[in-house]
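I set out below what I looked up in this model, entry by entry.

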Amino acid sequence: MKFIEALHNRRLFFDGAMGTMLQEAGLKPGELPETWNLLHPEKVRAIHRAYVDAGVDILKTNTFGANGLKFGAAHDQPEVADLVKAGVENARAAFAEAGKEGFVALDLGPTGKLLQPFGDLPFEEAVSLYAEQVKAGTAAGADLILIETMSDSYEAKSAILAAKENSELPIVCTFTFDEDGKLLNGADVTSALVMAESLGVSAVGFNCGQGPDTLVKLVPQALRAVDIPLVANPNAGLPVQKNGHTVFHIDAEGYAPLMVPFAEAGVSVLGGCCGTTPAHIATLIKACKDLPMPAPRTGAPCAICGYGTAVDFEGMPVIIGERINPTGKKRLKEALKAQNMDYVCQLALEQLDKGAHVLDVNVGVPGVDEPALIERVILTLQSITSVPLQIDTSNIEAMERALRIYNGRPLLNSVNGKAENMAEVLPLAKKYGAVLVGLCLDEGGIADTAEGRLQVADRVIAEAGKYGIPAKDMVMDPLAMTISTGGQNAVVDLEVIRRLKARHIKTVMGVSNISFGLPSRDAVNSAFFALAMEAGLSAGIINPNSAAMMQAYIAYGALSGKDEGCKKYVEYFANAPQLVAVAQTPAAGGSGSGEPVKAGKGSSIEQAIIKGLTTKVEQGVRQALADGKLALDIINEDMIPGLNVVGELFEKKKLFLPQLLVSADAAKAGFEILKQSIATGSGTEKGEPIVICTVKGDIHDIGKNIVKVLLENYGYQVIDLGKDVPPETVLEAAKEHDVKLVGLSALMTTTVGAMEDTIQLLHKELPQCKIMVGGAVMTADYARTIGADFYGANAVASVNYANELFHK
C-alpha cells in the first residue's frame, strides 16, 4: 500500500525519539548523531528494529541534522548524500529483518540558522541545503519526506519547496509550538498550517517542544484551519536531570492515556519525539490502534496569511488597504524609485492602524527593476507586520519572485480570462499555494453586461480547476467601472457579486474605481461600498484612511448583525476623533522625507525604534545631536526606553521575533551614529564584556544570535565564540576578557551534556562568573539541575538578567 492511500484509510503510527535512544546506546556529548549511520549502523538498525517490534508504521531516518552546514569535506565530515543513503537503508533494513512492511520517512530537521532578512542564511541557500538531502533520500528509496521540528514557518517553506522541486514523494510537515501556540517567528497554529497545506503537503501537525498534555490544546485550532490529516509527535513531557542523565518526566505507561485525546479529537497519525522510547510507542499503539478513524474534513475556510496572522473570507468583508500602489501617487513613486522603505512602512502602518486586514503591494513604477523591488518591499513589510499581503503585479517574473519569498499564503492579484495570461499565472498560483484573484475580462475586454462578466468568471474558474486550484481558492473581481462613463456600471457590478455569492464564489473589488472622474468621490465610494457589501462582496480594496469608507464598513457590520451587540461600532466611534477624511492633494515632502514619527508619550526616536523605522531613527538621532543633546542622554532617554518597550511587548507576545529584530536593527543604526559623539574612555562604547556561544556538537545558533543582537543594543561588548564550541574554549575566552557573565545555548537533547560539562568547568575555574543558558530543550528546572545561574526563556529575558546583574 502506498503511503497516501494508507494515510487516508487507516490510523498510522510514527516511531519515537532517535536522539534519546542513541544516547542510551553510547552517543557521547557533542558527537554528531548522523555519523552513526556509517560508524555504527548496527546500533542504528537495532533502534529502528525496536520501534518496528513496537508496531510502528513509519520510521524516521537518522538524518535530522544531516545538512551541508555541518557535513561534507569542508567540515571534515562524511558527505550528506552518504549519510542520508545509509540512514534510509538502515530504516529499511529494520523492517526487512522483522519481516514487516512499513514506510521510511526521510527526516529533515531545521538548519539551525535564522533565514534572511533577520538572520544570515539566504532563503535560496536554505532551499539548496534541503534539496541535497531530498535528492539523496529519494534516490535511496524513502517513501515520504518528513519536515519536522520547524520553529520558523519561513524555513519550513524553504524545505517544502526543496521537497516539491526535487521529488515526487508525499510531504509531512510538523511544527514546534510553544505553550501559547506560537512559533519562534510569531506564527500561530492557523497561519503555519494554512501555509503548509497551501504548498501541497499531505499532512501537517505538531512535534517536540511540549508534552502531550499541553500540545493537545492546539488540536481544535488545527482542525478548524486545515482539511488534510493531522500528525502529533509530542515529547515525553519536559526534560529533567536524574542520576547525571537527561530523562523525561512522562513514562511509557503514562504516555498512552495522554495520547488518546488526540486520536479521539481527530488526529490520525500519532507518534513521539524527545524522550519517547519503543515502550512509549508500544503503549500508545495498544491504546489507540482500534479507535475509529476520523472522518474526512472539508470545512476549513479559505484563508490567507502572513507569517503570523490569518484572514479568511467567511465573516465581515475583508479590508485590503490600497495605499501601497503608486498609481496616482507621486510621493510613493518617488519613494519607490529611491527605495525609501521607511515611507513604504509608514503607509503600511497607517493603514493597519485604521483597520486594514490585508495590504495590497504594487510597485509598478516605470524605470525600476520591478522583480527586485517587489521582493525587497515584501521582505521589508513582513519584517514589521504579520498580516497577509496581496501581491499585485502583472509582471510574471516579479510575481514568481514575490510568491517564492513570501512568508505565508498570499492573495495574488491577478489572473484574467486571456488564454496566455492563464497559462502563465495559474501554474505559479498552484505551485506557491496562493489564493487567486480572477478578473472578469478576457481578449474581448470587459463585458458591458453581468452575463458577459460571469461567463469570463466561469472560464477562469474552470481553467484554474485544471491546474488543481479549486473554486474555493478563487476570489473573482467583477471590475468596478466608473459611473461617470456608464450609468449602469454600478448596477452590473452588484449583479455579478450577487450571482457569484449565490454560487458560493468569493468576490473582491477596487471600490474607488466606481467614482473616477467625479468630485467628492468619498460620497460615491462609501455608498457603493455599502451596496456591494450587502450584495455579498467578500473583500474590498479601499483606502482605510478614509473616514467615510470605514464608517460605512462599521455601520454595515452593525446593520447586518455581523457586529454582535454593536460592540465594534461603539468601540470605533469612541475613537472617531482620530479619523480624518482623505487628503485631496498629495502631502509635501518629496521622496518620503517627512517629519520623524511621533506617537504616544515617547520621543520620536523612541517611537521609531518601536516601529522599526531605521531612517527615522537616524534622522531623529542626527537632529537631537544638532540640537545640542548629549549622546549619552539620547541613549538613556530615547533609545533604551524604546528597546525596553519592544522587550515588554515581546514578552507579552504582542510583538514577535521579526519586529523585535527590526527594532534592534533600527536602534543599532542610531548607536552607530552616536559612537562618533561619545567621549573616548567613557566606558560606554564597549560596555561590560559577555561571552556567548552554542555548545560543543550543536550548530543551531538562532537563539544565540538573537541574544547577541539585543545585548549589543544595550551597550554590552559581546564576545561571540560561534557554534560547536568546546568547554575549554569557553573557559579560555572567559578568562581572557575577565567576564562576569557567560551565555550558553543548545537546541538538541544530544548536546545538553556538553552544556553541563561547560558549566562545571566554568564553575570550577571561575566561581564568580555567572552562567545563563537557553535553547529549545531547556527549562528553568533543568537549567538549575545542571548548575546554570539563569534560564533565559527568550532573548529579552536574557538581556533583562544581564541588566539586573550589571545594575543597568
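In what order do the strands of the open sheet of five strands lie, and is their pairing parallel or antiparallel? I worked on a predicted model, and I read the order as S22-S21-S23-S24-S25, with parallel pairing.

I then looked at the edges of this sheet. Strand S22 (717-720) and strand S25 (790-791) stand there. Each has a single partner strand, so one side of each is left without a neighbour in the sheet.

I next followed the pairing of S22 with strand S21 (residues 689-694). Four bridges join S21 to S22, and the two run parallel. In this pairing I found Ile-690 opposite Val-718 of S22.

I turned to the whole protein and noted 31 helices and 25 strands. The C-alpha trace spans about 80 × 75 × 50 Å along its principal axes.

I checked the radius of gyration against the expectation for a compact globule. For 808 residues that expectation is near 28 Å, and the protein agrees because its own value is 28 Å.

I looked up burial and found that 58% of the 808 residues count as buried. The accessible surface comes to about 31300 Å², and carbon and sulfur atoms account for 52% of that surface.

I also examined contacts between residues at least 6 apart in sequence: 74% of them join residues at least 24 apart.

My last entry concerns charge. I recorded 72 positive and 95 negative charges, and their mean positions are 3 Å apart.

Technical notes:
Residues are numbered from 1 along each chain as its sequence is written. This is a predicted model: local features need pLDDT of at least 70, side-chain atom pairs count only at pLDDT 80 or more; totals for chains, interfaces and linings use all residues. Side-chain values use heavy atoms; hydrogens and water are left out. The radius of gyration is taken over C-alpha atoms; the globule rule is 2.2 Å times the number of residues to the power 0.38. Buried means under 20% relative accessible area, exposed over 50%, partly exposed in between (1.4 Å probe, protein chains only). Contact means heavy atoms within 4.5 Å. Accessible areas come from the Shrake-Rupley method with a 1.4 Å probe; for residues, only the protein chains shown count as cover. Lys and Arg count as positive and Asp and Glu as negative; His and the chain ends are not counted. The place of a charge is taken as NZ of Lys, CZ of Arg, CG of Asp or CD of Glu. Two strands pair if DSSP finds at least two bridges between them.
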